[in-house]
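Me: I would be grateful for a close look at one part of this structure, namely its aromatic cluster. Please set the description in the context of the chain as a whole.

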Amino acid sequence: LKIAAQDGAGEDATDALLDDTGNGAPPVRTMVDEELAKWLDTQSGKGTKPLGLRVEVASGEVVGLGIASETESAFVPWAPGRPDYVALEEWLRSGAPKYLFDSKRELKWLQQSGLELNGIAFDTTLAAWLLKPGGKNQDLVDQVYYFLSESLPRADPNQLVPDVEAASPATEAWYVLRLSMYLAERLDAGS
């Protein structure tokens, strides 16, 4: 962002790099079927590069998944038993590395929906605890603020119509990936 401003590209170039919340998260694309298969293959480097994963749940059911690389994010609406989700199910089942926040909870939701998850390579909840064992249990918004010094929007669960809309699962997956990389560096430095 600073480079765009220094180069004289102005606010238009800077705004193009920001999503609708004003942060540097990539815009969210909604994908299924062949487009998703190609995207997963490309973004994961054919299963070698980690992707962030976030599960969206409503009324106790998985309704979508957010998946993100360092430069792109995608939302995949979920409906069980549909043939256009084969690529997603194969990727989830594969050993391709996946970074998650609170993987135990995410794994539980996916299993209840009949989805198998393998390849969990990093859990930000566990890493945060390892760095600060006596600290309070933090949600993703708190972890992003504490470790990255950035703000992720949090909707007020007590409001019928929240003043602030929560980030999409795809944007959260992007933050999970960034947070994982940061925490991995901190853990490596401490060992």
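Reply: The account below begins with the aromatic cluster and then turns to its surroundings. The model is predicted, with a mean pLDDT of 85 over the protein chain, and 86% of the residues reach 70 or more.

The cluster is formed by Y146, F147 and Y182. The structure holds five aromatic pairs. One of them joins Y146 and F147 in an edge-to-face arrangement, with 4.7 Å from centre to centre and 90 degrees between the planes. F147 also pairs with Y182, and here the geometry is tilted: the centres are 6.3 Å apart and the planes make an angle of 50 degrees. Because F147 belongs to helix α7 (residues 140–148) and Y182 to helix α8 (residues 169–190), this pair ties together parts that are 35 residues apart in sequence.

The largest nonpolar core has 23 residues, of which L53, L65, I67, L88, W91 and L92 touch the most other members. Two or more residues of this core come from each of α3 (33–43), β2 (51–58), β3 (61–68), β4 (73–77), α4 (86–93) and α5 (103–112). Apart from it lies another core, of 21 residues, and F147 is among its members, as are F122, L140 and A173.

Within the largest core, L88 gives an example of the packing. Leaving aside residues up to four places away in sequence, L88 touches L36, L40, L65, I67, V76 and W78. W91, another residue of that core, has the charged end of K98 over its ring, 4.8 Å from the centre.

Most residues other than glycine have a negative phi. D33, however, has a positive phi, near 60 degrees; D33 is found in helix α3 and, at 32% relative accessibility, counts as partly exposed. D102 also has a positive phi, of about 55 degrees. D102 lies in the loop between β5 and α5 and is partly exposed, with a relative accessible area of 23%.

As for the chain as a whole, there are eight helices and six strands, arranged along the sequence as α-α-β-α-β-β-β-α-β-α-β-α-α-α. Of the 191 residues, 40% count as buried. Among contacts with a separation of 6 or more, 57% are between residues 24 or more positions apart. The chain exposes about 10,700 Å², of which carbon and sulfur atoms supply 52%.

Notes. Residues are numbered from 1 along each chain as its sequence is written. This is a predicted model: local features need pLDDT of at least 70, side-chain atom pairs count only at pLDDT 80 or more; totals for chains, interfaces and linings use all residues. Side-chain values use heavy atoms; hydrogens and water are left out. Rings of Phe, Tyr and Trp (its six-membered ring) pair if their centres lie within 6.5 Å; planes under 30 degrees apart count as stacked, over 60 as edge-to-face and the rest as tilted. Helices (H or I, at least four residues) and strands (E, at least two) are DSSP runs, numbered from the N terminus. A charge sits over a ring if NZ of Lys or CZ of Arg is within 6 Å of the ring centre and within 35 degrees of the ring normal. A nonpolar core is a set of buried Ala, Val, Leu, Ile, Met, Phe, Trp, Tyr and Cys residues joined through side-chain atoms within 4.5 Å. Buried means under 20% relative accessible area, exposed over 50%, partly exposed in between (1.4 Å probe, protein chains only). Contact means heavy atoms within 4.5 Å. pLDDT is the predictor's confidence in each residue, from 0 to 100. Accessible areas come from the Shrake-Rupley method with a 1.4 Å probe; for residues, only the protein chains shown count as cover.
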